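Here is a short tour for anyone who likes to look at a model before computing on it. Have the viewer open and follow along.

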Amino acid sequence: MNRAPDHLPDQPLDHPPGHRPGHPGDRPGDRPRAALRLDAQASGHPVGILDAAARAERRGMDRLVVAETAYDPFLQLARAADRTSTIELATGIAVAFARTPMTLAYEAWGLHAASGGRAVIGLGSQVKPHIEKRFGMPWDRPAARMREYVHAVRAIWHSWQTGERLRFRGDFYTHTVMTPVFSPDPVPAGAPRILLAGVGPLMTRTAGAVADGFLSHPFTSVAYLTGQVLPGLAEARAGAEADGAAWTARPFEITGNVLTATGRTEEELHANRAAVRERLAFYASTPAYRPVLAQHGWEDLQEQLHHLSVRNRWQKMAALVDDEVLDTFAVTGPVEEVAREIHRRYAGLVTRLSVSLPDDADPELGLDVLAAVRALG
């Protein structure tokens, strides 16, 4: 299988938009040397994306993140590029295996070019039923496939950026044809950064080995982050550095994605807290997330919730998530209180922060929390 080029094909001549010298996180788990970067989440709904992007930039957020749910994040972020000028624009996540590396490379390059070099590509694998039964794409050996996927995308981008011949042959993907008529123009800022999401040890180590950063899942506790995620990232990153991997010359990002319930009134806080409890019940019912609960000795809870989920007993599931579980995986309370607790838990562990609110929550609350975190330094 081809390795990524040993030089830095996507290293810009200067700092790309949104990047500041001294970016924290040279090694996963190192204490950041600068303030936390703050990432605003947006739903990606076509009706609200432009206002969300403009609002996030106006309030000083470092990055706008759009997940792939009902709408294509690349399309919506490309629209947001026309309404903004400085904020980074990130997929968080785009479903990698729903696309070939070539398809992903074109979408990401188009966003990067349209935004003046502000794109950041967050990728995730999704789960097997979605890949096979929703997208109709192959699923096997996801960690190995993702490792090769990232190498393939970088090889394609390198060809476009330098004009060198494309020669990528791997176990899962082959890309050897690229003529000038199909090659986009180079981007002055260089190729985008690639971030990978993961929960289990194999995908976490894949992120440390081949990516420019790691996207933490919302269903992650501080104990799981420090006990499992950060050591796995650090070990894999050290191995990539020892191999002389080109991308290790860039700082490694770690994004903490914090489940958050807040509100301006007791009624709003109560509703958002209940919604977060329901989301936790859904996450905890998923067999793939069992190791996260196992970190706390709560394997029995996963079995109970999974048993109810396969019988569509969704209403009863949230009642099994008691306050101890809720407060372990989420931060709840008034805005200022939530900001202090998030800062206490995550400052020094991650380089970036994002808050994950309930779907029906006022998105301005997320910006309020992040602004309050920034005020804490």
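## Enclosed space

Let's begin inside this predicted model. Searching the whole structure turns up four cavities of 30 Å³ or more. The largest cavity holds about 50 Å³ of space.

Which residues line the largest cavity? They are Ser-216, His-217, Thr-220, Ser-221, Leu-225, Gly-256, Asn-257, Val-258 and Tyr-346. Strand β9, spanning residues 253-261, contributes the most to this lining, with three residues. Sorted by class, the lining of the largest cavity comprises six polar and three nonpolar residues, and no charged ones.

Now move to strand β3, residues 88-95. Is this strand mostly covered or mostly open? Mostly covered: six of its eight residues are buried.

On one pairing, β3 runs parallel to strand β2 (residues 63-66), and four bridges join the two. Within that pairing, Arg-63 sits opposite Glu-88 of β3. Between the strands, the chain passes through helix α2 (residues 73-81), and this β-α-β crossover from β2 to β3 is right-handed.

## On to β4

β3 also pairs with strand β4, residues 119-124; these strands run parallel, with five bridges between them. To find one of the contacts in your viewer, select Leu-89: its bridge partner in β4 is Ala-119.

Technical notes
Residues are numbered from 1 along each chain as its sequence is written. This is a predicted model: local features need pLDDT of at least 70, side-chain atom pairs count only at pLDDT 80 or more; totals for chains, interfaces and linings use all residues. Side-chain values use heavy atoms; hydrogens and water are left out. Buried means under 20% relative accessible area, exposed over 50%, partly exposed in between (1.4 Å probe, protein chains only). Two strands pair if DSSP finds at least two bridges between them. A crossover is right-handed if, with the strands pointing away from the viewer, the path from the first strand over the helix to the second runs clockwise. On a 1 Å grid over the protein atoms alone, a cavity is a set of points where a 1.4 Å probe fits but cannot get out, and a pocket is an open set with protein on both sides within 12 Å along at least five of seven lines; lining residues have an atom within 4 Å of a point. Grid points are joined across faces, edges and corners, and a volume is the space filled by probe spheres set on the points. Ala, Val, Leu, Ile, Met, Phe, Trp, Tyr, Cys and Pro count as nonpolar, Asp, Glu, Lys and Arg as charged, and the others, Gly among them, as polar.
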